[in-house]
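Subject: Structure handover

Dear colleague,

I am passing on the structure we spoke about, and my notes on its salt bridges and nonpolar cores follow below it. Please read them with the structure open beside you.

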Amino acid sequence: MVLFFESSHEFQHDFQTSTLAFFNRYPNPFAKHVLSSDTIEQYIDEDGCLRVTKVIVKSGRLPNFIKPFLGTSVNSWIIEKSITNPKTNTLMSYTANVDHRKFIKVEEYLTYYTADHNEDITLLDAKVKFSSNLFGFKQKIEQWSHRRFSSNLHNTREGLKYVMNRLQQTGGIWQVDETVTSLN
């Protein structure tokens, strides 16, 4: 059985602010578990879309029942690929862990876009897929991952809102303040 999580959210910021915040969301005080975020490729394709590939390293907790299989390795490497189309005001992102895949594979599909009724609002549609191949623990692992993701969703959105508000306060110039960097 594969578990899915779907959600939608409305940000009270325009598309340009929202996408700039997406690309600069780390560090922020709601993402202390993010150890690093590195851009490994970025370019404008033949259609004028910005394509970005990042590697993100996160720390995390494991359930006690899985520790015998993974040992003390709690860091996870994540690949993130995104396409931003400035003509249609859409950003599509695919994120997945590249390690611990026998234990759990988490794939996140995000779409940010301008609301039809108001250009100052950005909508987010999210779909997350949890799948495990660990015989005997598959359902338990998928359910545990689903619960963890849902409980952390508030912090994810608050972190993005924090960055959006900072961008708005600084006129679109991203500055990392000492309070954020000292929290990580």
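How many residues apart in helix 3 are E158 and K161, and by about how much of the helix are they separated? Before I answer, please keep in mind that this is a predicted model. E158 and K161 are three residues apart in helix 3, which covers residues 138–169, so about one helical turn separates them. They form a salt bridge in which the closest N and O atoms are 3.1 Å apart. Both ends of this pair are partly exposed, since E158 has a relative accessibility of 22% and K161 has one of 27%.

That pair is one of six salt bridges counted in the model. Three other charged residues, K105, E107 and K129, are linked in a network of salt bridges, and E107 takes part in both of the pairs described here. In one of them, K105 bridges to E107 with the closest N and O atoms 3.8 Å apart; in the other, K129 bridges to E107, and there the closest N and O atoms are 3.9 Å apart. Because K129 lies in strand 7 (residues 118–131) and E107 in strand 6 (residues 105–115), this second pair ties together parts that are 22 residues apart in sequence. As for accessibility, E107 is buried, with a relative accessible area of 7%, whereas K105 is partly exposed at 22% and K129 is partly exposed at 26%.

Turning to the nonpolar residues, the largest core has 16 members, and those that touch the most other members are F11, A21, F22, L91, L110, Y112 and L160. At least two residues of this core come from each of helix 1 (15–23), strand 6, strand 7 and helix 3, with helix 3 giving the largest share, five residues.

Which residues is L160 in contact with, once its neighbours within four places in sequence are left aside? They are F11, A21, F22, R25 and Y112.

With best wishes

Key:
Residues are numbered from 1 along each chain as its sequence is written. This is a predicted model: local features need pLDDT of at least 70, side-chain atom pairs count only at pLDDT 80 or more; totals for chains, interfaces and linings use all residues. Side-chain values use heavy atoms; hydrogens and water are left out. A salt bridge is a side-chain nitrogen of Lys or Arg within 4 Å of a carboxyl oxygen of Asp or Glu. Buried means under 20% relative accessible area, exposed over 50%, partly exposed in between (1.4 Å probe, protein chains only). Helices (H or I, at least four residues) and strands (E, at least two) are DSSP runs, numbered from the N terminus. A nonpolar core is a set of buried Ala, Val, Leu, Ile, Met, Phe, Trp, Tyr and Cys residues joined through side-chain atoms within 4.5 Å. Contact means heavy atoms within 4.5 Å.
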